[in-house]
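Please take a moment to look over the sequence and the fold before reading on. The paragraphs below walk through the sheet, the aromatic rings and the charged side chains in turn.

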Amino acid sequence: MEKPSFGKNGVLRLPPGFRFHPTDEELVVQYLKRKVHSCPLPSSIIPEINLSKYNPWDLPGGCEEERYFFHLSEAKYPSGGRRNRATRSGYWKATGKEKEVIVASNCGNRVVGMKRVLVFHQGRKAAARGIRTNWVMHEYRLIGTETSNLINSSMFSTNGWVLCRIFKKRTAAEMHPSSPSASESSCVTELCDGSGEEASSSISVTSAP
């Protein structure tokens, strides 16, 4: 299956030593909140994509490391708030309860979003024959006052922006390789607006000993 291309250069690869490691708080406040309110992003490093059209292994990025995407979720039913998480050959299934994303300040802690963990299953959900895979998604959404200024806030719960972190959970053998891979990359993709903004503080620098 042909993978989509974002911008003229396709996948954005950061220079050696740079990695995109945002915290949950940074993803919600610095990226998702700005996206929802149509504010400038710290960096054009997270693309938009319709996740329902792709299986996790078909997503752009070119590797199995963490990848980040903005996704405009769709309501599963016209009259309900449940989201449609089906893909071409499977579905994302939620596991456990949502967790609060909290920002600490001098005025106390404030809940700015929610984080849900989902696991990809191959097969038809209706037939209850889905096969669990090692693909995992962390889905972030805004809540409360973070959405109070939206022009059409009533639509947010059923058809709003979410930010997704997707990765393949490593097996025991993959977690202890005999030697590091020479092809390891930052595995982030760029938006198609072609802006040349520098990466935010979420991008860290590592150096060889």
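**The sheet and its contacts**

Strand 2 (residues 67-72) and strand 6 (residues 161-168) pair in the antiparallel sense over six bridges. Helices (H or I, at least four residues) and strands (E, at least two) are DSSP runs numbered from the N terminus, and two strands pair if DSSP finds at least two bridges between them. The model is a predicted one, in which local features need pLDDT of at least 70 and side-chain atom pairs count only at pLDDT 80 or more, while totals for chains, interfaces and linings use all residues. Residues are numbered from 1 along each chain as its sequence is written, and side-chain values use heavy atoms, with hydrogens and water left out.

The pairing of strand 2 with strand 6 belongs to an open sheet of five strands, which follow the order 2-6-5-4-3 with antiparallel pairing. Strand 2 and strand 3 stand at the edges with a single partner strand each, so one side of each is left without a neighbour in the sheet. Neighbouring strands of this sheet are turned by 25 degrees against each other on average, direction ignored; the axes behind this angle are lines fitted to C-alpha atoms, for helices over the stretch in contact, and angles run from 0 to 180 degrees between N-to-C directions.

The whole structure holds four aromatic pairs, where rings of Phe, Tyr and Trp (its six-membered ring) pair if their centres lie within 6.5 Å, and where planes under 30 degrees apart count as stacked, over 60 as edge-to-face and the rest as tilted. One of these pairs joins Phe20 and Tyr68 edge-to-face, at 5.1 Å centre to centre and with 85 degrees between the planes. Phe20 lies in strand 1 (residues 18-20) and Tyr68 in strand 2, so this pair ties together parts that are 48 residues apart in sequence. Both Phe20 and Tyr68 are buried, a word that here stands for under 20% relative accessible area, with exposed over 50% and partly exposed in between (1.4 Å probe, protein chains only). Together with Tyr31, Phe20 and Tyr68 form one aromatic cluster.

Trp92 and Phe120 make another edge-to-face pair, with 5.2 Å centre to centre and 65 degrees between the planes. Trp92 belongs to strand 3 and Phe120 to strand 4, so the pair ties together parts that are 28 residues apart in sequence. Trp92 counts as buried at 5% relative accessibility, and Phe120 counts as buried at 0%.

How do charged side chains come to pair? Side chains of opposite charge can do so when their charged atoms come close. The structure holds seven salt bridges, each being a side-chain nitrogen of Lys or Arg within 4 Å of a carboxyl oxygen of Asp or Glu. One of them links Lys35 with Glu48, the closest N and O atoms being 2.3 Å apart. Lys35 lies in helix 1 (residues 24-36) and Glu48 in the loop between helix 1 and strand 2, so the pair ties together parts that are 13 residues apart in sequence. Lys35 is buried, with a relative accessible area of 15%, whereas Glu48 is partly exposed at 38%.

The charged end of Lys35 also sits over the ring of Phe70, 5.3 Å from its centre, and over the ring of Trp161, 4.9 Å from its centre; a charge sits over a ring if NZ of Lys or CZ of Arg is within 6 Å of the ring centre and within 35 degrees of the ring normal.

Another salt bridge joins Arg85 and Glu139, with 2.9 Å between the closest N and O atoms. Arg85 lies in the loop between strand 2 and strand 3 (90-105) and Glu139 in strand 5 (residues 131-142), so parts that are 54 residues apart in sequence are tied together. Arg85 is partly exposed, with a relative accessible area of 21%, while Glu139 is buried at 5%.

Glu98 and Arg116 likewise meet through their side chains in a salt bridge (3.6 Å, N to O). This pair links distant parts of the chain, with Glu98 in strand 3 and Arg116 in strand 4 (residues 108-122), 18 residues apart. Salt bridges that share partners also join Asp24, Glu66, Lys115 and Arg165 into one network.
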